[in-house]
Amino acid sequence: MITYYADKYKEEVIKLILHVQNDEYGVGISVEEQPDILDIQSNYVKDGGNFWVALNENGDVVGSIGLQKKTDDIAVLKKFFVYKDYRGKELAIGTGLYETMLDFAQKHRFSKVILDTPSKATRSHSFYKKVGFKEITKSDLPIQYNYPDRDSLIFMLDLISQ
């Protein structure tokens, strides 16, 4: 089940994010380098974006995705993670999270969604390309925003041409 983030999920969301980033991909990103996850309401929801979690049958967080509004036209996709055991076409949790975020972005009339992803995260690169994101250079970013750079790749989705 996909639902809106609530503070009761905070510790589970942080645990998910750090596990995938550091245990699975060995990226080495601390909570201190991504303070947005310590206050999701302020960093996502209150500014006009949103944050969602996927829950398993026991109500445990197994996935997350966030969208930060940067301008009236541009949003940044962040914190898109799913535990390994919950990935794949059979469960479609990643797809469900992504489609929920995309629906929100379209309803709120964003024209572009951008994201950064560590170069090591090759599985996610394939997913982003499959759903229409195009890799761009950092100099092609339409806005500047902070992210923990781990030899990151930048992708952009043009919602106008969707």
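A residue counts as buried at under 20% relative accessible area, as exposed at over 50%, and as partly exposed in between, with a 1.4 Å probe and protein chains only. Asn50, at 11% relative accessibility, is therefore buried. The model is predicted, so local features need pLDDT of at least 70 and side-chain atom pairs count only at pLDDT 80 or more, while totals for chains, interfaces and linings use all residues. Residues are numbered from 1 along each chain as its sequence is written, and side-chain values use heavy atoms, with hydrogens and water left out.

Helices (H or I, at least four residues) and strands (E, at least two) are DSSP runs numbered from the N terminus. Asn50 is placed in strand E2. Contact is defined as heavy atoms within 4.5 Å. With neighbours within four places in sequence left aside, Asn50 is in contact with Tyr4, Tyr44, Val45, Gly66, Leu67 and Phe104.

Helix H1 has 15 residues. From its first C-alpha to its last, H1 reaches 20 Å, close to the 21 Å expected at 1.5 Å a residue; the expected span is 1.5 Å times one less than the number of residues. Val13, Ile14, Leu16, Ile17, Val20 and Gln21 are buried in H1. The buried residues of this helix pack against helix H2 (40–45), strand E2 (50–55), strand E3 (61–69) and E4. Gly26, with a positive phi near 60 degrees, follows H1.

Gly28 is located in the loop between H1 and H2. At 46% relative accessibility, Gly28 counts as partly exposed. Its contacts, leaving aside neighbours within four places in sequence, are Gln21, Asn22, Glu33 and Arg150. Gly28 and Leu18 are ten residues apart along the chain, and their C-alpha atoms are separated by 8.7 Å.

Positive phi values also occur in residues other than glycine. In Lys79, phi is near 55 degrees. Lys79 belongs to strand E4 and is buried, at 9% relative accessibility. Ala92, which is not a glycine, has a positive phi of about 55 degrees. Ala92 lies in the loop between E4 and H3 and is partly exposed, at 31% relative accessibility.

Lining residues have an atom within 4 Å of a point. Grid points are joined across faces, edges and corners, and a volume is the space filled by probe spheres set on the points.

The largest pocket holds about 810 Å³ of space. Its lining consists of 31 residues, and Phe80, Phe81, Arg123, Ser124 and Tyr128 lie nearest the centre. Two or more lining residues come from each of helix H1 (10–24), strand E4 (74–82), helix H3 (93–107), strand E5 (112–118) and helix H4 (122–130). For the classes, Ala, Val, Leu, Ile, Met, Phe, Trp, Tyr, Cys and Pro count as nonpolar, Asp, Glu, Lys and Arg as charged, and the others, Gly among them, as polar. The lining of the largest pocket comprises 16 nonpolar, eight polar and seven charged residues.

The second largest pocket has a volume of about 190 Å³. It is lined by 13 residues, of which Pro35, Asp36, Lys78, Asn146 and Tyr147 are the closest to its centre. Four nonpolar, four polar and five charged residues make up this lining.

Note on methods: 1 Å grid on protein atoms, 1.4 Å probe; cavity = no way out; pocket = protein on both sides within 12 Å on 5 of 7 lines; lining within 4 Å.
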